[in-house]
2 protein chains.
Amino acid sequence: MSPKLRVHGVAMSLDGFVAGPDQGLDNPLGVGGTRLHEWIFETRTGREMTGAEGGTTGIDDDYIAGGFLGFGATIMGRNMIGPVRGPWPDDDWRGWWGTNPPFHHPVFVLTHHPRPPMEMEGGTTFYFVDDGIESTLEQAFDAAGGADVRLGGGASTVRQYLQARLVDELHIAIVPILLGGGEGLFENLGSASADYECVEVLSSQVVTHVRMARTR
Amino acid sequence: MSPKLRVHGVAMSLDGFVAGPDQGLDNPLGVGGTRLHEWIFETRTGREMTGAEGGTTGIDDDYIAGGFLGFGATIMGRNMIGPVRGPWPDDDWRGWWGTNPPFHHPVFVLTHHPRPPMEMEGGTTFYFVDDGIESTLEQAFDAAGGADVRLGGGASTVRQYLQARLVDELHIAIVPILLGGGEGLFENLGSASADYECVEVLSSQVVTHVRMARTR
């Protein structure tokens, strides 16, 4: 089986948003957007990521843990790594995740403002690339050495890869809240939508996990 | 407990559409839109509605059957009753449902083109009203005699009542398909979205049932 490009771990509201309205520095996930992620920090894996103990096991925890299994590289949009916009003022910003980020593999950050690679503890190196999404994907597959590549978000990055018909699998978590506006995951998907079929639906008490796979 | 206005039985795609793109006479549910309803005709109640036998029982069937329980009146948009647009050419069109429609109670059809009430077999009478959504709701509650009123769709009718903050409960079925465009259920909901909380999530093998209730 060839390695896949997979979206895993995108939390979407019932009305289709992965961030609420009025995103900004004070509200990186928009108004109400943090409610999309509360369930993550109820799980054991989610709590471990923040250094906390305890947490639930089961469907939701398996899902979060699965985001770190079987991937050899990650691609993300530039806004996922931090709040800095435009040219990097210096090399001070090193991501949200501390000195030892949870990736432990190469992470390709799509940006119009390249900067030198940033090697972190634990095997994570951030590469800042300005080569277009296809070339970045090739680099990520090379770096993954036969494992899958995770498409980490945000929504606009996911949409670009979907529209280019490059996403093999899409595993999203539907959070049953209404945000009323914000950044839509599936906006302007058009005919690319016909490529996908649902291969799994699993609901916990709080979240519904849907896995879509490309069938052509 | 006061009677409620409840949405029940709206099937929505994963990307938020209750009808696919390019709706028209040949395609009343838009391209791909009939896929939203295939699961209904797998259930026992769904099959009964079409005169067929057999079908599944369980979560999906309970849900479809629930659409006919506890309601004393229904409100629907004019496009739900048939494909005729504009002024009624005559009284020939009597709905999609044959001589004995499955409502068995008064049905209020929102229209800019009133026509005399249409009494059917089995207790269903269609009333064609042009009084605005609030007045229609009052009439429906009166007619329901203490039972709940069902808001039967389509999407634009549901949105109007949601925006006017008149919907008490919303039970939708998420069908895990992507339509890529069409009529969105939750478009332009705005701040009304903050009124709702999820009170139940149930997934069958094929559909996820989400029940939202107004909390303020």
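**Aromatic rings and the chain contact**

In chain B, Phe103(B) and Phe126(B) are both buried, where buried means under 20% relative accessible area, exposed means over 50%, and partly exposed lies in between (1.4 Å probe, protein chains only). This is a predicted model, in which local features need pLDDT of at least 70 and side-chain atom pairs count only at pLDDT 80 or more, while totals for chains, interfaces and linings use all residues. Residues are numbered from 1 along each chain as its sequence is written, chains are lettered from A and ligands numbered from 1 in the order in which they are written, and side-chain values use heavy atoms, with hydrogens and water left out.

Over all chains, the structure holds 14 aromatic pairs; rings of Phe, Tyr and Trp (its six-membered ring) pair if their centres lie within 6.5 Å, and planes under 30 degrees apart count as stacked, over 60 as edge-to-face and the rest as tilted. One of these pairs, Phe108(A) with Tyr127(A), is stacked, at 5.3 Å centre to centre and with 20° between the planes. This pair links distant parts of the chain, since Phe108(A) belongs to strand S4 (residues 106-110) of chain A and Tyr127(A) to strand S6 (residues 125-129) of chain A, 19 residues apart; strands (E, at least two residues) are DSSP runs, numbered from the N terminus. Phe108(A) counts as buried because its relative accessibility is 4%, whereas Tyr127(A), with a relative accessible area of 31%, is partly exposed.

Phe103(B) and Phe126(B) also form an aromatic pair, and theirs is edge-to-face, at 6.2 Å centre to centre with 80° between the planes. Here Phe103(B) lies in the loop between strand S3 (71-77) and strand S4 (106-110) of chain B, and Phe126(B) in strand S6 (residues 125-129) of chain B, 23 residues apart. In chain A, Trp97(A), Phe103(A) and Phe126(A) form one aromatic cluster.

Turning to the interface, 21 residues of chain A are in contact with 21 residues of chain B, contact meaning heavy atoms within 4.5 Å. The two chains bury about 1,900 Å² between them, 71% of it on carbon and sulfur atoms; buried area is the accessible area (1.4 Å probe) that two parts lose on being put together, summed over both. On the side of chain A that touches chain B, strand S8 (169-175), strand S10 (196-203) and strand S11 (208-214) of chain A each supply at least two residues, and S10(A) gives the most, with 4 residues.
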